[in-house]
Structures are given as C-alpha cells and as structure tokens.
Amino acid sequence: SPGITWLGHVDDIASFWRSCHVAVLPSHREGLPVSLLEAAACGKPLIATDAPGCREIVLEDQTGLLVPVEDPPALAEAIARLAQSEELRVRYGAAARQFVVDKLSAKIIGRSIVDLYDRLTVEGDIPGLPEAKADRREGKIILVSQHYAPFPSSTSAYMTQIAEELSRDSRVVVITSAPGSASKLPLSEGK
C-alpha cells in the first residue's frame, strides 16, 4: 500500500522512538504495554484505546489521549489532533516521561513486586481477604496468570482447574490482570 512502510522487528528501539512523533496502541486489553512504556520513557506522547493496561499509562489529557475500543474514527481524530499540535505532543511527551520515571521504572516495579510477594508469602496477609484463622490447608501457593476466569478460553479453564486442585491442600491466591476476576467477599465456606 502506498504510504505504508512495514518495518518488522526493530533492534534499536530508542533510535526508532527518536524518529517518531506519537506512540499509538489500539488494543482490546493489555497487561502493562511495554511498547507504551518504551515510548513514554523516550518522551513520546501516547494514544491508546481505553482498555485495561493501556489506561494505566495513558492518563487522559496528561500523558496522552484515550479513545474507545474499536472506534477507528475516534482513533484517527486523536492521531490528527496530536499531529497538528506540537504544543500537546511536547506537553504529553514530557508528562509521559516523568510518569514512567516516577512511577513505572523497572526498579520501582521490581521493588513493588518483591514487596507484594513478601507480604503474600512471608507475612501471610492477603490484601482484601479475611484472615484464614482456622484454615485447615497448609502452605500458600501464588499463581500469576494473564489468563483467568471470567474470560472463557482453554488457558483460563486450565488455570482454574490448577487453582482448584491446589486448593485442596493449600491456600491459593491467583493474581491476574483480568478485570472482574476477583473473588466476591465474603467467601463461601471452603473457597
């Protein structure tokens, strides 16, 4: 197609981002999208769909613009808006870089993950869950999955089966980015 260049794999991502004006990620859902983290770290303004993961880094009218999922006209409008405004690109890009430095650097995320696992495994408390005072099960197992109920797929069904099997003898905590997958409290007996 005229006007479109398919780059394929890019080895030097920093040089690539230096040559770009805006980072755009239309997606249905993400974990925490590395492509947007890299672009923000390089001081680029962000445009993404208002989907889980994307909205954690694209802060509306701060680090960039969010558009509805599967709305090509809104996405095109957002791209045109930033293409036509150097002032917005500079402001959003600087804010995106600062946000990554202050909140999302590898060191900060790594430290918070280690702290979370320390709390879950060493201290024994599970945020949001009542204490298991008379829990007959020994040990605690933490499963981390991108795929978990309520999204039907063979992987989520498999993860659910693993969690249920492990919960016979151990207390199981599943950490997932799937929206709506948290347990409803209070838990029923044995769950």
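I began at the side chain of Thr-63, where a polar atom lies 2.7 Å from the backbone nitrogen of Leu-59, and I noted that a polar contact is a pair of N or O atoms within 3.5 Å, where within protein one must be able to donate a hydrogen and the other to accept it, and residues adjacent in sequence count only if both atoms are side-chain atoms. This is a predicted model, in which local features need pLDDT of at least 70 and side-chain atom pairs count only at pLDDT 80 or more, while totals for chains, interfaces and linings use all residues. Residues are numbered from 1 along each chain as its sequence is written, and side-chain values use heavy atoms, with hydrogens and water left out.

Thr-63 sits in the loop between E2 and E3, so I looked up the strands, which are DSSP runs of E with at least two residues, numbered from the N terminus. E1, E2 and E3 form, in that order, an open sheet of three strands with parallel pairing, and two strands pair if DSSP finds at least two bridges between them. E1 (23–25) and E3 (64–67) are the edge strands, each pairing on one side only.

Three bridges join E1 to E2 (residues 46–49), and the partner of Ala-23 in E2 is Leu-46.

How values were computed:
Helix = DSSP H or I, 4+ residues; strand = E, 2+ residues; numbered from the N terminus.
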